[in-house]
Amino acid sequence: MKTKIIITGSNGLLGQNLIDLFQKDKTRYEIFGFTRGENRSGRADFEYHNIDITNKQLLVEKTKQINPKFIINTAAMTNVDACENDKIGCYDLNVSFVQYLAAICSEINAHLIHISTDFIFDGKKGNYTEDAVPNPLSYYGETKLLSEAVLQKSTINYTILRTILVYGLVNDMSRSNIVLWVKESLEKKKEITIVNDQFRTPTYVEDLALACKISIDKKATGIFNISSNQLLSVYEIAQEIAEVFQLDKTLIKPISTGTLNQTAARPPKTGFDLTKTNRELKFYPKSFKEDLQRFKDKII
């Protein structure tokens, strides 16, 4: 019997990657995509539902009809400054929606896989373990921490995958990411300014999708860190992108965070300790440069 999986936010970067990954083994998995609007994935070999996922009644009705064993929640408001400016919309999608999902999973005995973020931390220390003490600096970070608390206080089986700066490419994307933005800017010979005092371990979307699948196959529960394994400044990240794609590094100019006047504060230094991920998921992320080369090989 096939394992039924609902993917919320199935049009997004992670959502589409998950569909591609699970559809490689159609004999084992049956996939259902939940998103508002048309199916942008370019695939018609899974069951797509055009649904306002924040409509609780509709969400409950559709989910119960399918009766999945797993729900992977990739839907979230992730634009950090937009979250600061639209706190109601941010809370609705990042917290209330997760409460709906937890309640549904409790009722139908489904396992929820939820995506969280390094922005739950203040960035004073970096190299965070799964049990490090959170202290979000932004409303986005606050809501993602609240969403984690919803699951931790529930009685359902859940997996929280925390991740950092996810990048990749899928069909008909609604928003860009750091790798595509840097690559496309440099290809157009545009000079770009990049912060040199924020440090991250970026995540290739295919790794995050694979971590979701491993979590399902292993029925892993709890919190896991998913990212590449080498801490770099965002400026160094841009330099690596230029190098791998053989573009002009001199167009990249370093600046400090203080000159940006961003609406929401960003943690200066995050990055993850991957020890638990290695040990329990048997998943061993690589360096950003290695992942970037994989990405380049795929799209060229």
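Helix α10 gives the largest share of the lining of the largest cavity, 3 residues. Helices here are DSSP runs (H or I, at least four residues), numbered from the N terminus. The model is predicted: local features need pLDDT of at least 70, side-chain atom pairs count only at pLDDT 80 or more, and totals for chains, interfaces and linings use all residues. Residues are numbered from 1 along each chain as its sequence is written, and side-chain values use heavy atoms, with hydrogens and water left out.

**Cavity and pocket**

The structure holds 1 cavity of 30 Å³ or more. On a 1 Å grid over the protein atoms alone, a cavity is a set of points where a 1.4 Å probe fits but cannot get out. A pocket is an open set with protein on both sides within 12 Å along at least five of seven lines. Lining residues have an atom within 4 Å of a point. A volume is the space filled by probe spheres set on the points.

Asn17, Gly168, Leu169, Tyr204, Val205, Glu206, Phe295, Lys298 and Ile299 line the largest cavity. Both α7 (205–218) and α10 (288–299) supply at least two of its lining residues.

The second largest pocket is lined by Asn17, Asp20, Leu21, Lys24, Glu206, Asp207, Ala209, Leu210, Arg294 and Lys298. Here α1 (13–22), α7 and α10 each supply at least two residues. The largest share, 4 residues, comes from α7.

The table sets out volume and residue classes. Ala, Val, Leu, Ile, Met, Phe, Trp, Tyr, Cys and Pro count as nonpolar, Asp, Glu, Lys and Arg as charged, and the others, Gly among them, as polar.

| Space | Volume | Lining by class |
|---|---|---|
| Largest cavity | about 40 Å³ | 5 nonpolar, 2 polar, 2 charged residues |
| Second largest pocket | about 160 Å³ | 3 nonpolar, 1 polar, 6 charged residues |

**Two helices in contact**

The axes of α4 (residues 87–108) and α5 (residues 139–153) come within 9 Å and cross at roughly 10°. Therefore α4 is roughly parallel to α5 (angles under 35 degrees). Contact means heavy atoms within 4.5 Å. Among the residues that make it are Cys90, Tyr91 and Val98 of α4, and Tyr140, Leu146 and Leu151 of α5. By class, the residues of this contact divide into 10 nonpolar, 4 polar and 2 charged.

**A loop residue**

Gln246 sits in the loop between α8 (234–244) and β13 (252–255); a strand is a DSSP run (E, at least two). Gln246 counts as exposed because its relative accessibility is 67% (exposed is over 50%, with a 1.4 Å probe and protein chains only). Gln246 and Leu151 are 95 residues apart in sequence and 44 Å apart in space, C-alpha to C-alpha.

Methods
Axes are lines fitted to C-alpha atoms, for helices over the stretch in contact, and angles run from 0 to 180 degrees between N-to-C directions. Angles under 35 degrees count as roughly parallel, over 145 as roughly antiparallel, 65 to 115 as roughly perpendicular and the rest as oblique. Buried means under 20% relative accessible area, exposed over 50%, partly exposed in between (1.4 Å probe, protein chains only).
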